[in-house]
Amino acid sequence: MRAWLAVALRRSVVRRAAKTALLIGAILIAINHGDALLRGEIDPVRGLKMLLTVAVPYLVSTAASVAAIRDLTER
């Protein structure tokens with residue numbers, strides 16, 4: 001677990017995951033919450049859902065990057 005976290009916290013991994021999360025998260029928020037955003041209907045529950053919408057691609061990107069880096073360095 002410690003080795004996984006060390007790779008996950010590398011600057012390059014964090015930057016890549018953040019860029020991916022912002023792009024994909026913004027698209028997903030527009031798809032899933034765009035109508036509510038346009039109406040100004042953002043409550044705490046919807047705000048939390050929007051944060052999770054960005055967090056999921058961040059975690060997926062991080063996990064994929066860590067797996068790829070570890071696979072390449074274990075050879």
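Reader: What makes Leu 23, Ile 24, Ile 27, Leu 28 and Ile 31 a nonpolar surface patch?
Author: First off, this is a predicted model. Patch members need over 30% relative accessible area, and nonpolar side chains are joined within 5 Å. These five residues make a patch of about 440 Å².

Reader: Why is Leu 28 called partly exposed?
Author: Leu 28, found in helix α2, has a relative accessible area of 32%. Buried would be under 20% and exposed over 50%, so 32% lands in between, and Leu 28 counts as partly exposed.

Reader: And which residues of α2 are buried?
Author: Val 13, Ala 17, Ala 21, Gly 25, Ile 29, His 33, Gly 34 and Ala 36. Their cover includes α1 (2-8) and α3 (44-73).

Reader: Where is the kink in α2 centred?
Author: On His 33, with a bend of about 75°. That angle is taken between axes fitted to the seven residues ending there and the seven starting there. The helix itself covers residues 11-39, and Gly 40, which follows α2, has a positive phi near 75°.

Reader: What makes Val 7, Ala 8, Val 13, Val 66 and Ile 69 a nonpolar core?
Author: Such a core is a set of buried nonpolar residues joined through side-chain atoms within 4.5 Å, and these five form the largest one here. The elements giving two or more residues to this core are α1 and α3.

Reader: Which residues does Val 13 contact, leaving aside neighbours within four places in sequence?
Author: Val 7, Ala 8, Thr 62, Ser 65 and Ile 69.

Reader: How do you know that Thr 62 is buried?
Author: Thr 62, in helix α3, has a relative accessible area of 6%. The cut-off is under 20%, so Thr 62 is buried. Not counting residues up to four places away in sequence, Thr 62 touches Trp 4, Ala 8, Val 13 and Ala 17.

Reader: Is Arg 10 buried, exposed or partly exposed, and why?
Author: Arg 10 has a relative accessible area of 39%. Since that falls between 20% and 50%, Arg 10 is partly exposed. You'll find Arg 10 in the loop between α1 and α2.

Reader: How far apart are Arg 10 and Val 66?
Author: They are 56 residues apart in sequence and 9.5 Å apart in space, C-alpha to C-alpha.

Terms used
Residues are numbered from 1 along each chain as its sequence is written. This is a predicted model: local features need pLDDT of at least 70, side-chain atom pairs count only at pLDDT 80 or more; totals for chains, interfaces and linings use all residues. Side-chain values use heavy atoms; hydrogens and water are left out. Helices (H or I, at least four residues) and strands (E, at least two) are DSSP runs, numbered from the N terminus. Buried means under 20% relative accessible area, exposed over 50%, partly exposed in between (1.4 Å probe, protein chains only). Contact means heavy atoms within 4.5 Å. Patches are made of residues with over 30% relative accessible area and no salt bridge: like charges are joined within 9 Å, nonpolar side chains (Val, Leu, Ile, Met, Phe, Trp, Tyr) within 5 Å. Accessible areas come from the Shrake-Rupley method with a 1.4 Å probe; for residues, only the protein chains shown count as cover. A salt bridge is a side-chain nitrogen of Lys or Arg within 4 Å of a carboxyl oxygen of Asp or Glu.
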